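Got your viewer open and a selection tool handy? Let's walk through this one stop by stop.

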Amino acid sequence: LAVFLSNAGAMYTGIDLGDEDSIDAEPQRTPAAADESYRRTASPVWLERGLLLAYISVFLYVAEFIAMVALGGVEKSTTLFGLACESFLGVLVSLLVAWRLSGSEVLGQQREPSAVVLASMLLLVSGFLLLGVTADHMASPRFTGKKSDVLGVAITFFLLLLFHTAVKIRIYQKLQTSTAAVDTLTSLGNTGLAVGLIFYGASNSVWWYEYVWAMAVSLMFLHYSGGKLIELPWYTRQFWR
C-alpha cells in the first residue's frame, strides 16, 4: 500500500520520484542551460501559483495542527498523533517549496538539490516517528470508544486535504520539480491519515484500521525519502556548493 501510494503520487503529479538525472546533472549545467530548462518546464504564471499555494499550505497545516491538538487524545489515536505531526512536517516542507520557487529562475534551479535533500530528511524523520508510534499503539491499544467529535473533524479535514492535494497535483505538475514531489507526498500522507482517523472515530469494530493507514503512510515516507537520500551525494561538500 505504501509503495502504491508513493507511485500514485508520481503518476498523478507527472513527476518521476525516482529519477535524479535532473538533480545530479545540475552541477554540470551552465547558468544559461539551467535557465533555459527552467523556462521550458515552468511559466511565470505557474511559478506564482505554486508560490501562493505553498503559503496557503502553511496556513492550512497550522489550522490542522491546532484542530488535532484541540481534539485531545493524541496519545490515544495513532492517526490523530500522525496528523498533528504531519501538519508540522507540512509547514516545513511548504516553506522549503516557497524557498525553492522564490527568487530568480536560475536561483531556483540552484536551490533544488538542497531543498530536495532537506525535505527528504524531514520526511525520513517523520516516517520513523510515525512508524514507532504506530508500533507502540499496536502493542497497547488505546481505543476508548466511538467519538463523534473526532469523526466530524476527520471528515472535514479529509475533504479539505483531498481538495488541497488535488490542487497541488494540478499546479506542481506544471512545475516539474522534485521538491514539489516531496510536498505532494506529504499531502497524500496527510489525506491517508485523515482516512485512518475516520475509521478511528466511526465505529467500535473498525477503529483499528487506523493502524493500517498509519503504517502505510510511514512506509511510504520511508520508501521515498530513504531512496532519495541513498541516491543523492548529499554527504559531499561539492553537493552543497
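Predicted model: local features only at pLDDT ≥ 70, side-chain atom pairs only at ≥ 80, totals over all residues.

Residues are numbered from 1 along each chain as its sequence is written, and side-chain values use heavy atoms, with hydrogens and water left out.

**Stop 1: the aromatic pair.** Select W234 and Y235. W234 is partly exposed at 28% relative accessible area, whereas Y235 is exposed at 59%. The structure holds one aromatic pair, and W234 and Y235 form it edge-to-face, 5.9 Å centre to centre with 75° between the planes. For the cut-offs: rings of Phe, Tyr and Trp (its six-membered ring) pair if their centres lie within 6.5 Å; planes under 30 degrees apart are stacked, over 60 edge-to-face, and the rest tilted.

**Stop 2: a charge over a ring.** Now pick R49 and W46. The charged end of R49 sits over the W46 ring, 4.6 Å from its centre. That label needs NZ of Lys or CZ of Arg within 6 Å of the ring centre and within 35 degrees of the ring normal.

**Stop 3: the largest core.** Which residues have the most contacts inside the largest nonpolar core? Select M68, L161 and L197; the core has 31 residues. Helices α4 (44-71), α5, α6 (105-139), α7 (148-175), α8 and α9 (209-231) each supply at least two of its residues. (Helices are DSSP runs of H or I, at least four residues, numbered from the N terminus; a nonpolar core is a set of buried Ala, Val, Leu, Ile, Met, Phe, Trp, Tyr and Cys residues joined through side-chain atoms within 4.5 Å.) Another core lies apart from this one, with eleven residues, among them L47, L53, L101 and A180.

**Stop 4: L83.** Go to helix α5 (residues 78-101) and click L83. L83 is buried, at 1% relative accessible area. Beyond four places in sequence, its contacts (heavy atoms within 4.5 Å) include M68, L161 and L197. Draw a C-alpha to C-alpha line from L83 to M68: 7.0 Å in space, 15 residues apart in sequence.

**Stop 5: T186.** Finish in helix α8 (residues 178-202) with T186. Is T186 buried or exposed? Buried, with a relative accessible area of 0%. Leaving aside neighbours within four places in sequence, T186 is in contact with Y61, E86, L89, G90, V93, L123 and F221.

Technical notes: Buried < 20%, exposed > 50% of the residue type's maximum accessible area, 1.4 Å probe, protein only.
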